[in-house]
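Colleague: I would like a close look at one part of this model, with the charged side chains taken one by one. Please keep to what can be read from the coordinates.

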Amino acid sequence: MTLQNLKERARAIVHQTLLGEGDPEVDRSLVSGAVVARDGDHFHIQSGGETDADLDLVARRDEGLCDCGGPLSTRGNRARCRSCGREFDV
């Protein structure tokens, strides 16, 4: 097969796929780092994404608190806990 024939065949396959009958069935999608699975008309996060605990930790850091509850001191793009000494990117 020549390069031109391969291009034409690829174009035909894409055209058939996109303009074929019905919607293509997709069981899983990647959305913002999380795998979202479809079960009939319902969707759920299968893996990845942020948990409530992750969101709570981010909120604490935004308030200037460490995971341990101690206050954070920031310098440049780093924050350091005054209680336990852990460091975070800001």
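Which side chain meets that of Arg-80 in a salt bridge, and what is the distance from N to O?

Modeller: Bearing in mind that this is a predicted model, the side chain that meets Arg-80 in a salt bridge is that of Glu-87, with 3.0 Å from N to O. Glu-87 also forms a salt bridge with Arg-78, where the closest N and O atoms are 3.1 Å apart. These contacts belong to a network of salt bridges in which Arg-78, Arg-80, Glu-87 and Asp-89 are linked. As background, side chains of opposite charge can pair when their charged atoms come close.

The structure holds five salt bridges, and one of them joins Asp-67 to Arg-86, with the closest N and O atoms 2.7 Å apart. This pair links distant parts of the chain, since Asp-67 sits in the loop between α2 and β4 whereas Arg-86 sits in the loop between β5 and β6, 19 residues apart. Asp-67 is partly exposed at 23% relative accessibility, and Arg-86 is partly exposed at 41%.

Technical notes
Residues numbered from 1 in each chain as written. Predicted model: local features only at pLDDT ≥ 70, side-chain atom pairs only at ≥ 80, totals over all residues. Heavy atoms only, no water. Salt bridge = Lys/Arg side-chain N within 4 Å of Asp/Glu carboxyl O. Helix = DSSP H or I, 4+ residues; strand = E, 2+ residues; numbered from the N terminus. Buried < 20%, exposed > 50% of the residue type's maximum accessible area, 1.4 Å probe, protein only.
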